[in-house]
Amino acid sequence: MARLPTVVVMEMIRNFVGGAFADRDAAFADIDPATGRTHAMVQVADASLVDQAVAAARASGWDRVPVRERAAVLRRAADGIEARFEEFVAAEVADTGKPVALARELDVARAVHNFRTFADVVSAAGQESFLTDLADGRQALNYAVRKPLGVVAVIVPWNLPLLLLTWKVSAALACGNSVVVKPSELTPATATLLAEVLTDAGLPAGAYNVVHGHGDIGELLVGHPGIDGVTFTGSTATGTRVMRTVAPRVRPVSFELGGKNAAIVFDDVHLDEALTGLGRAIFTNTGQVCLCTERVYVQRTIFADVADGLAERARALRLGDPSDPDTTTGPLISQQHRRKVLDHLALAEEAGAKAITGGGVPEMPAGLRDGSWIEPTLWTGLTNADRVVRDEIFGPVAALIPFDTEDEAIALANDTDYGLAASVWTNDLRRGHRVAQAMDVGMSWVNTWFLRDLRSPFGGMGMSGIGREGGESSLHFYTEPTNVCVQL
Ligand SMILES: NC(=O)C1=CN([C@@H]2O[C@H](COP(=O)(O)OP(=O)(O)OC[C@H]3O[C@@H](n4cnc5c(N)ncnc54)[C@H](O)[C@@H]3O)[C@@H](O)[C@H]2O)C=CC1
Ligand SMILES: O=C(O)/C=C/C=C(\O)C(=O)O
């Protein structure tokens with residue numbers, strides 16, 4: 001008997017507007033960066049769908065839902081992600097090529113945590129009040145009531161798609177806003193899956209909308225007259241463009257942009273622990289976390305030990321099939337991004353750097369050869385004057401640079417246009433506090449990296465962004481206070 005041909009039905013990722021999936025004819029390919037193969041098609045939004053999404057958000061009525069009920073919806077959303085945990089993992093792995101172990105531990109676990117945290121934060125929030133003494137002996141009561149901004153545009157990148165999306169969406173919804181989300185064109189899957197979970201959790205139609213597309217759709221969204229605030233994570237270049245688009249309508253923006261983060265390693269450190277921490281800081285998610293370390297300043301007395309130890313850790317990383325639980329390191333997000341990283345590898349060579357490990361494209365097994373793989377790379381022989389020590393590269397790369405004194409290390413670490421994150425590695429408690437505080441950054445870690453308490457402020461200074469999110473900082477960004485003054 002003749003066998004029927006196998007029909008492969010490609011998954012179609014659709015826009016989600018006003019509580020329903022919306023079909024559009026135009027679509028683009030969603031590429032798995034580990035294999036280079038198309039794993040889904042993504043329908044592209046257009047101006048009229050953006051209009052519909054903003055109108056649906058405006059009409060959702062979510063702002064009138066009491067805080068207690070909002071928090072309950074967020075908690076059910078967290079439960080819903082947990083119930084479909086492996087579906088989220090699979091979608092994130094297919095879009096990003098990141099190892100399944102990382103997607104489980106970091107991305108999807110954090111999505112659950114984001115919803116639970118902002119349910120707690122908004123439930124515990126109070127309001128500012130002041131009793132004002134007046135010249136005639138009487139008093140006035142000042143208190144501020146916080147109202148949601150309204151409709152918030154959420155623009156997120158491809159490196160931690162679900163983590164960053166839910167970090168913003170959970171806080172915005174907690175405060176009573178409705179959102180229109182534009183995920184990265186490279187990683188559209190989990191934002192779409194989240195629409196189902198939020199609907200099942202009881203979120204009203206229109207409170208969460210997803211429009212897919214490239215930067216032009218993002219630009220239409222952030223420039224839309226119905227948008228009351230914009231939260232953006234991505235490159236500094238795109239952040240400045242978003243700022244220009246939003247400026248004529250003077251809407252609040254929260255920007256978490258690029259970084260060129262430093263680590264400072266003192267010679268009193270517990271070497272093994274520091275090497276493990278630094279390995280994470282440089283190579284996690286193939287260096288594609290805005291917090292990743294790309295500059296490591298090492299006290300000269302232990303420079304050779306740190307260089308050897310880090311190179312050994314880099315060589316121990318296991319690049320390979322993302323679905324293998326033992327894989328530690330995936331590909332870069334795209335061939336285009338790999339070209340950018342490879343250009344920086346070439347620039348480093350021209351500047352006279354020595355690659356003590358890596359420096360090129362790895363040999364991958366059949367099936368993975370068309371992926372955007374890159375070797376984890378460490379350089380010596382560079383200084384702060386070199387472009388690769390100044391540009392954000394966003395790959396598994398770092399320059400190791402020696403220093404002699406604490407003051408010199410602080411000056412070198414702060415010698416950058418960025419100001420996102422830093423880490424200090426020392427066994428001297430006082431020095432740890434002192435140097436961490438001297439870093440001109442939003443987040444400064446001592447003997448650890450990317451350890452997050454979601455109630456603490458998160459964001460950057462300089463070219464790394466505007467504003468902070470997290471805990472109360474999120475409540476402040478996603479609401480506007482109206483101060484009421486009552487003569488008593
Ligand atoms: N968190 C971070 O620090 C991140 C930094 N990057 C850096 O950015 C570089 C470029 O990566 P891209 O994918 O191009 O990031 P990007 O910053 O251009 O993209 C981020 C998001 O912004 C959207 N977007 C693009 N143009 C827009 C516009 N004019 N208006 C509104 N939205 C717009 C994109 O579609 C995407 O959803 C990377 O090589 C890396 O250095 C990338 C991702 C995250
Ligand atoms: O922990 C967070 O909230 C965010 C971490 C990472 C980024 O913001 C990023 O890589 O852009």
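These legends walk through close-up views of a predicted model, one region at a time. Residues are numbered from 1 along each chain as its sequence is written, and chains are lettered from A and ligands numbered from 1 in the order in which they are written. Because the model is predicted, local features need pLDDT of at least 70 and side-chain atom pairs count only at pLDDT 80 or more, while totals for chains, interfaces and linings use all residues.

**View 1. The shell around ligand 1.**
Here we look at the 26 residues around ligand 1, of which Gly215, Gly218, Gly234, Ser235 and Cys290 come nearest; a residue is near a molecule or strand if its C-beta atom, placed from the backbone, lies within 6 Å of it. Two or more residues of this shell come from each of α7 (215–222), α8 (236–246) and α11 (335–350). Helices (H or I, at least four residues) and strands (E, at least two) are DSSP runs, numbered from the N terminus. The top contributor is α7, with four residues. By class, the shell around ligand 1 holds nine nonpolar, eleven polar and six charged residues. In this scheme Ala, Val, Leu, Ile, Met, Phe, Trp, Tyr, Cys and Pro count as nonpolar, Asp, Glu, Lys and Arg as charged, and the others, Gly among them, as polar. Ligand 1 lies between domain 1 (11–257 + 464–487) and domain 2 (261–446), because both give residues to its shell. The domain bounds come from an automatic or database domain assignment.

**View 2. The shell around ligand 2.**
Moving to the other ligand, you will find Asn159, Leu160, Leu164, Trp167, Thr233, Glu256, Val289, Cys290, Leu291, Arg452 and Phe458 around ligand 2. Seven of these residues are nonpolar, two are polar and two are charged. Domain 1 and domain 2 each supply at least three residues to the shell around ligand 2.

**View 3. Strand β14 and its partners.**
Strand β14 (residues 293–299) is mostly covered, with seven of its seven residues buried. A residue is buried if 20 or more other C-beta atoms lie within 10 Å of its own, exposed if 12 or fewer, and partly exposed in between, with C-beta atoms placed from the backbone. Strand β13 (residues 261–265) pairs with β14 in the parallel sense over five bridges, and isoleucine 264 has tyrosine 297 in β14 as its bridge partner. Two strands pair if DSSP finds at least two bridges between them. Strand β17 (residues 397–403) also pairs with β14 in the parallel sense over five bridges; here valine 298 is bridged to proline 402 in β17. Together, β13, helix α9 (residues 271–283) and β14 make a right-handed β-α-β unit. A crossover is right-handed if, with the strands pointing away from the viewer, the path from the first strand over the helix to the second runs clockwise.

**View 4. Threonine 293.**
Staying in strand β14, we zoom in on threonine 293. Threonine 293 is buried, with 27 other C-beta atoms within 10 Å. The C-alpha atoms of threonine 293 and glycine 279 are separated by 9.2 Å, and these residues are 14 apart along the chain.

**View 5. Strand β8.**
All five residues of strand β8 (residues 151–155) are buried. Val151, Ala153 and Ile155 point one way from β8, and Val152 and Val154 the other way. In a regular strand the side chains alternate between the two faces of the sheet. Strand β9 (residues 178–182) runs parallel to β8 over five bridges, with isoleucine 155 opposite lysine 182 in β9. Four bridges join β8 to strand β11 (residues 229–233), also in parallel, and phenylalanine 232 in β11 is the bridge partner of isoleucine 155. A right-handed β-α-β unit is made by β8, helix α5 (residues 161–174) and β9.

**View 6. The open sheet β6-β7-β21.**
Three strands form this antiparallel open sheet, in the order β6-β7-β21. At the edges stand β6 (129–133) and β21 (479–487), each with a single partner strand, so one side of each is left without a neighbour in the sheet. Strand β7 (residues 139–148) and β21 pair in the antiparallel sense over nine bridges, and alanine 140 stands opposite glutamine 487 in β21.
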